[in-house]
Amino acid sequence: MKKIKFIGIVDDDPITVFGIRKMLNTVVDCEIVEAYQNGKVAFEALHKKFSENEDIPEVIFLDINMPIMDGWQFLDEFLKLPINKRIRINIVTSSIDPFDKKKWEYYKENTHHLITFNNKPINKQDIEEITQVA
Amino acid sequence: MLIGPRIQSTSYLIKQLPTLTVFIDREFKIMHASDKWLYTFGERSNTIFGQCLFKVFPELSIKWKSVLNECFEGKSNPMGVQIYEQNEQKKWYEWSNTCWFDENENIIGAIIQINDVTEALKNELELEKTKVQLKQQSEISKTGRWEYDIINDEITWCDITRSIHEVSQDYVPRLDTGIQFYKEGYSRNAISMAIFEAQEKGKPWSIKLQIITATGKEKWVLAAGKPLYEKRELVGFTGTFQDINEQVVANIETKKNEKLLRTLVDNLPLNVYVKDINSKKILVNKAECEHLGVKNEDELLGKDNFDIYDYETAKRFTEQDIKVMTSLVPILGEEVISTDKKGRQTTYLTSKIPLLDGQGSSTGLIGISLDITNIKQKEKELRNLIDVTSLQNKKLINFAHIVSHNLRSHTANFSMLLNFLQHEEDEEEKETILNMLNSASNNLLDTIENLNEVLAINTNINLKKKDVNLFDSILTVESNLKDFITENKGEIVNKIPQKQSLKVIPQYLESILINFITNGIKYKHPDRNPVLSLKLSSNEDYKILTVTDNGLGIDLNKYGNKLFGMYKTFHSHENARGIGLYVTKNQVEAMGGKIEVESEVGAGTTFKIFFNEKN
């Protein structure tokens with residue numbers, strides 16, 4: 001089983017968080033899995049870790065529709081952080097709005113991090129595929 | 001010489017003749033001359049006797065020699081006229097001769113008499129000239145002459161009179177046939193009456209009448225005449241007869257055209273006017289009169305813009321007039337708004353075209369304008385309708401997205417959890433998954449309920465607007481939320497006039513008030529107690545309820561476009577559901593209103609709720 005040190009989940013829906021956690025347990029050996037209930041909470045936590053030189057996640061599961069700060073707003077802020085390591089950000093959303101897909105393409109083109117777009121529902125095979133260090 | 005003394009004595013008699021007379025012998029030698037003759041022909045006097053006539057007057061025609069020779073044979077003939085120049089004056093003399101007999105009836109020479117015919121010739125020439133001129137004049141003016149001689153019952157027509165009647169030159173008119181030429185009815189009656197009156201009262205006449213010519217053509221003529229008297233006795237009539245058909249027909253045509261133009265201008269569904277160089281109206285049509293609310297065009301003629309419109313409009317219009325008249329470039333179909341003296345506004349589609357004189361400079365302008373106020377109003381309504389429909393359309397699409405997204409996220413959860421359940425063997429974990437499924441199901445029900453609520457607002461057309469007292473409504477909501485307000489140490493400042501009523505759907509108003517009041521208190525600033533003030537204002541189309549709080553405020557640059565979206569929350573508040581403002585917005589819009597928002601982070605938020613009282 002592959003090993004990943006730190007995985008982050010940004011989603012306001014506890015069921016999705018539960019599901020991702022559960023599936024991760026079966027496909028990857030991970031030391032830390034942290035969940036954040038919206039973009040703002042996630043950004044603040046990660047920003048703190050980064051500025052204090054602590055570990056930050058190598059893979060992030062990111063929801064789009066969230067209160068306070070949504071997935072895009074999170075990306076706006078997070079991508080500004082001068083993180084050299086290439087991080088894998090997996091967008092997981094139930095949105096099938098073509099507008100969201102366009103937005104993803106824009107973000108993907110403008111960062112050195114790896115960003116993928118995944119529609120819910122997401123299964124074990126999908127999780128296995130997208131859960132690796134970029 | 002035998003002849004000598006006899007000549008002498010005769011000579012004295014001849015000397016005294018009052019006419020220019022000269023006696024010549026058969027050799028053309030001048031024998032005697034009257035003093036008058038000598039005097040007239042001047043210095044030749046003393047020496048001419050005995051000289052040959054043709055030597056003394058070398059200018060005389062040689063032909064006259066033979067004429068005189070014939071005279072010597074007893075046959076006197078006329079000689080003709082001879083020019084004689086004297087003191088730079090041309091004189092015309094007529095020479096005539098007669099035989100000169102001695103006592104024995106022998107022709108011994110010729111007596112020549114000379115008459116000064118200069119005056120007579122001049123007169124004759126003058127007369128000739130006058131005749132020619134008269135003829136030309138009458139031909140040009142198509143004026144003929146006629147005369148009627150009562151005694152002989154004879155009518156004379158000149159050539160022109162004949163040609164006006166289109167009869168041959170040998171046609172002989174009579175009084176009755178002359179009158180028959182006049183068109184039956186008015187013309188014939190009128191001429192008969194005129195002749196009768198002239199006969200009875202001596203009145204001359206000059207009237208425009210119609211005749212039917214010999215070839216059957218209708219013609220307008222000016223028939224004039226007057227009675228002629230001799231020793232107070234009526235002897236006839238004379239007069240003129242002028243063909244004025246062209247003028248009359250042209251005149252009738254002009255009048256017809258004028259009438260046509262006026263009818264056209266008056267009945268155009270456009271306001272038409274003509275202005276002079278000073279911007280004063282010199283012609284207005286009926287539409288313009290009606291439009292400006294006057295009964296008679298005289299009330300507008302001579303008026304300028306300042307007499308009709310308010311100062312600003314008049315100034316603008318006058319500048320426009322001057323521009324058209326100086327640049328000579330017309331204004332076509334321009335939209336202008338005018339305000340009259342009573343403050344009424346009108347929108348026109350106006351055209352101004354410069355009027356030019358023969359030299360190409362402007363003498364005024366023609367204005368054509370169409371009142372499009374109603375069309376503009378319709379256009380505005382139509383545009384509003386389009387705005388409303390496109391807004392509805394947007395809302396529908398938005399709603400479809402919301403539905404699809406919200407349902408999708410739930411079904412995704414169901415599918416995921418069911419998949420887990422299928423493969424789960426641990427009983428405890430199964431229990432957890434079942435609990436999750438239960439919660440997912442409740443979430444789905446909530447979502448559907450919310451969507452239903454929104455759908456109801458947008459589809460429920462049975463709810464009718466009623467007059468509701470706004471002040472009282474706020475009091476009711478306040479008392480319902482009393483515990484919540486007290487708990488948060490909130491204060492509501494109700495600045496609504498107590499008798500203010502609002503035409504709304506009462507359930508919606510209540511829901512809207514609850515939402516804004518709870519929001520204003522829920523998102524209070526941690527450093528101060530929440531204060532909410534409500535007041536009402538109005539504009540042309542709406543009554544506006546303004547709700548101002550002193551709470552957290554919202555960064556509108558960040559969240560502005562999502563503020564009224566479904567399931568959007570902006571504050572980390574446990575009770576934030578992200579449905580309130582979405583529903584509120586739908587309720588306000590369902591009543592034909594809108595919501596505007598102003599906010600400053602840390603200072604507070606002001607919502608303006610626009611109520612449309614129309615149905």
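Predicted model: local features only at pLDDT ≥ 70, side-chain atom pairs only at ≥ 80, totals over all residues.
Figure 1. Start with contact range: in chain B, 48% of the contacts with a separation of 6 or more involve residues 24 or more positions apart. Chain B carries 19 helices and 22 strands. Of its 615 residues, 25% count as buried.

**Figure 2. Contacts and make-up of chain A.** Here residues 24 or more positions apart make up 79% of the contacts with a separation of 6 or more. Chain A has 134 residues, and buried ones account for 41% of them. The tally of elements is five helices and five strands. Follow the chain from the N terminus and you read β-α-β-α-β-α-β-α-β-α.

**Figure 3. The parallel sheet of chain A.** Five strands of chain A line up as S2-S1-S3-S4-S5 in an open sheet with parallel pairing. S2 and strand S5 (114-119) of chain A sit at the edges, each with pairing on one side only. From one strand to the next, the twist averages 20°. Zoom in on S1(A) and S2(A) and you'll find seven bridges joining them in the parallel sense.

**Figure 4. Two helices on the chain A sheet.** H1(A) lies across S1, S2 and S3 of chain A, and its direction is at about 175° to S2(A). Helix H4 (residues 98-109) of chain A also packs on the sheet, where it touches S4 and S5 of chain A. The angle between H4 and S5(A) comes to about 165°.

Figure 5. The largest nonpolar core has 31 residues, and the members that touch the most others are A:Val10, A:Ile60, A:Phe61, A:Leu62 and A:Phe74. Several elements of chain A each put at least two residues into this core: strands S1 (3-10), S2 (29-36), S3 (59-62) and S4 (88-93), along with helices H1 (14-27), H2 (39-51) and H3 (71-78). As background, nonpolar side chains tend to be buried together in soluble globular proteins. Leaving aside residues up to four places away in sequence, A:Val10 touches A:Tyr36, A:Gly39, A:Ala42, A:Ile60, A:Phe61, A:Leu62, A:Asp63 and A:Phe74.

Figure 6. A:Asp63 is where UniProt, in an unreviewed entry, places the feature "modified residue: 4-aspartylphosphate". Look for A:Asp63 in the loop between S3 and H3 of chain A. Is A:Asp63 buried or exposed? A:Asp63 counts as buried because 28 other C-beta atoms lie within 10 Å, and the cut-off for buried is 20 or more. Not counting residues up to four places away in sequence, A:Asp63 touches A:Val10, A:Asp11, A:Asp12, A:Thr16, A:Gly71, A:Val92 and A:Thr93.

**Figure 7. The antiparallel sheet of chain B.** This open sheet has five strands of chain B in the order S2-S1-S5-S4-S3, with antiparallel pairing. At the edges are strand S2 (30-33) and strand S3 (78-86) of chain B, each pairing on one side only. Ignoring direction, neighbouring strands of this sheet are turned by 30° against each other on average. Strand S4 (residues 89-101) and strand S5 (residues 107-116) of chain B run antiparallel and share nine bridges. Find B:Asn97, and its bridge partner in S5(B) is B:Ile112. Helix H4 (residues 63-72) of chain B lies across S3, S4 and S5 of chain B, at about 130° to S5(B).

**Figure 8. Helix H14 of chain B and the annotated coiled-coil span.** An unreviewed UniProt entry gives residues 423-454 of chain B the annotation "coiled-coil region". That span, residues 423-454 of chain B, is 91% helix and 0% strand, and its end C-alpha atoms lie 39 Å apart. Helix H14 (residues 427-459) of chain B has 33 residues and reaches 47 Å from its first C-alpha to its last, close to the expected 48 Å. Which residues of H14(B) are buried? They are B:Ile433, B:Met436, B:Ala440, B:Thr447, B:Val454 and B:Ile457. An α-helix has 3.6 residues a turn, so residues three or four places apart point the same way. The buried residues of H14(B) pack against H1 of chain A, and also against helix H13 (373-423) and helix H19 (580-590) of chain B.

Terms used. Residues numbered from 1 in each chain as written. Chains lettered and ligands numbered in written order. Pairing = 2+ DSSP bridges. Helix = DSSP H or I, 4+ residues; strand = E, 2+ residues; numbered from the N terminus. Axes fitted to C-alpha atoms, helices over the stretch in contact; angles between N-to-C directions. Contact = placed C-beta atoms within 7 Å. Core = buried A, V, L, I, M, F, W, Y, C linked by C-beta atoms within 7 Å. Buried ≥ 20, exposed ≤ 12 C-beta atoms within 10 Å, placed from the backbone. UniProt positions renumbered as here; feature names shortened; annotations may be inferred. Expected span 1.5 Å × (residues − 1).
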